[in-house]
Amino acid sequence: MNHQISLQIEASGFQFLVLPGKEDEGFQVQIDEDAMTQIMINLVDNAIKFASKAERKFIEIGYRYSHSDKSVLFFVRDYGPGIDKKQMKKIFQLFYRSGDELTRTQPGTGIGLALVVQLAESMGAQVDLVNRDPGAEFQVKFKSGKA
């Protein structure tokens, strides 16, 4: 994992676990290292902000393969409150910030997740969000070219 990301997590008082996917020699994806680093920094920053009051201050980072659609899925999962279903698509819009403007406590401009989508799409990947119990998992999915 990128040293900058691990410092970002540790400085926030969170713990993290990097979950490696099972090796699969047949899967290959093309990734721009700088773009992927920026994606992960933004997703981890989001997890830290929105899970700051969670009982379990823990972030999981990893990847897994899907043989059914020949893809590689990178993910960042937190153990916070999750995302309201009505906001799940809106949060990827530029300058959108969830919650009430008058009571919001999280800093930010609302560009982080829009940037994640833009960077992922520039590499041919898709971004998705899945609510977990508890927490949220942001996913960046790359179609694989077989080796």
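1. The model is predicted: local features need pLDDT of at least 70, side-chain atom pairs count only at pLDDT 80 or more, and totals for chains, interfaces and linings use all residues. Residues are numbered from 1 along each chain as its sequence is written, and side-chain values use heavy atoms, with hydrogens and water left out.

2. Start with the overall plan. The protein has three helices and seven strands. From the N terminus, the order is α-β-β-α-β-β-α-β-β-β. The chain has 147 residues, and 43% of them count as buried (under 20% relative accessible area; exposed is over 50%, partly exposed lies in between; 1.4 Å probe, protein chains only).

3. Next, the contacts (heavy atoms within 4.5 Å). Take those between residues at least 6 apart in sequence: 67% of them join residues at least 24 apart.

4. Now the sheet. Five strands form an open sheet in the order S1-S3-S4-S6-S5, with mixed pairing. Two strands pair if DSSP finds at least two bridges between them. The edge strands are S1 (15-19) and S5 (125-131), each pairing on one side only. From one strand to the next, the twist averages 15 degrees. Strands of a sheet pair through backbone hydrogen bonds, either parallel or antiparallel.

5. Go through the pairs. S1 and S3 run parallel and are joined by five bridges. Glutamine 15 stands opposite phenylalanine 58 in S3. S3 and S4 are antiparallel, with eight bridges. Here tyrosine 65 has valine 72 of S4 as its bridge partner. S5 and S6 (residues 136-143) are also antiparallel, over seven bridges. Aspartate 128 has glutamine 139 of S6 as its bridge partner.

6. Check the turns. S3 and S4 make a hairpin with four residues between them, and lysine 70 in the turn has a positive phi of about 50 degrees. The hairpin of S5 and S6 has four residues between its strands; there, glycine 135 takes a positive phi near 100 degrees.

7. Which elements cover the buried residues of H3? They include H2, S5 and S6. The buried residues of H3 are Leu113, Ala114, Val116, Val117, Leu119 and Ala120. Helix H3 (residues 112-122) lies across S5 and S6 and runs at about 140 degrees to S5. Such angles lie between N-to-C directions and run from 0 to 180 degrees; the axes are lines fitted to C-alpha atoms, for helices over the stretch in contact.

8. Arginine 77 deserves a look. It is found in strand S4 (residues 71-78).

9. What does the side chain of arginine 77 join in a polar contact? Its partner is the side chain of tyrosine 79, at 3.4 Å. A polar contact is a pair of N or O atoms within 3.5 Å; within protein, one must be able to donate a hydrogen and the other to accept it, and residues adjacent in sequence count only if both atoms are side-chain atoms. Leaving aside neighbours within four places in sequence, arginine 77 has contacts that include Phe58, Glu60, Arg132 and Glu137.

10. Five salt bridges are counted. One joins aspartate 45 and lysine 49, with the closest N and O atoms 3.5 Å apart. Both residues lie in helix H2, four residues apart, about one turn of the helix. Aspartate 45 counts as partly exposed because its relative accessibility is 31%.

11. Finally, a network. Arginine 64 forms a salt bridge with glutamate 137, the closest N and O atoms being 2.5 Å apart. This pair links distant parts of the chain: arginine 64 is in S3 and glutamate 137 in S6, 73 residues apart. Glutamate 137 counts as buried because its relative accessibility is 4%. Arginine 132 also forms a salt bridge with glutamate 137, at 3.1 Å between the closest N and O atoms. Shared partners join Arg64, Arg132 and Glu137 into one network.

Technical notes. Helices (H or I, at least four residues) and strands (E, at least two) are DSSP runs, numbered from the N terminus. A salt bridge is a side-chain nitrogen of Lys or Arg within 4 Å of a carboxyl oxygen of Asp or Glu.
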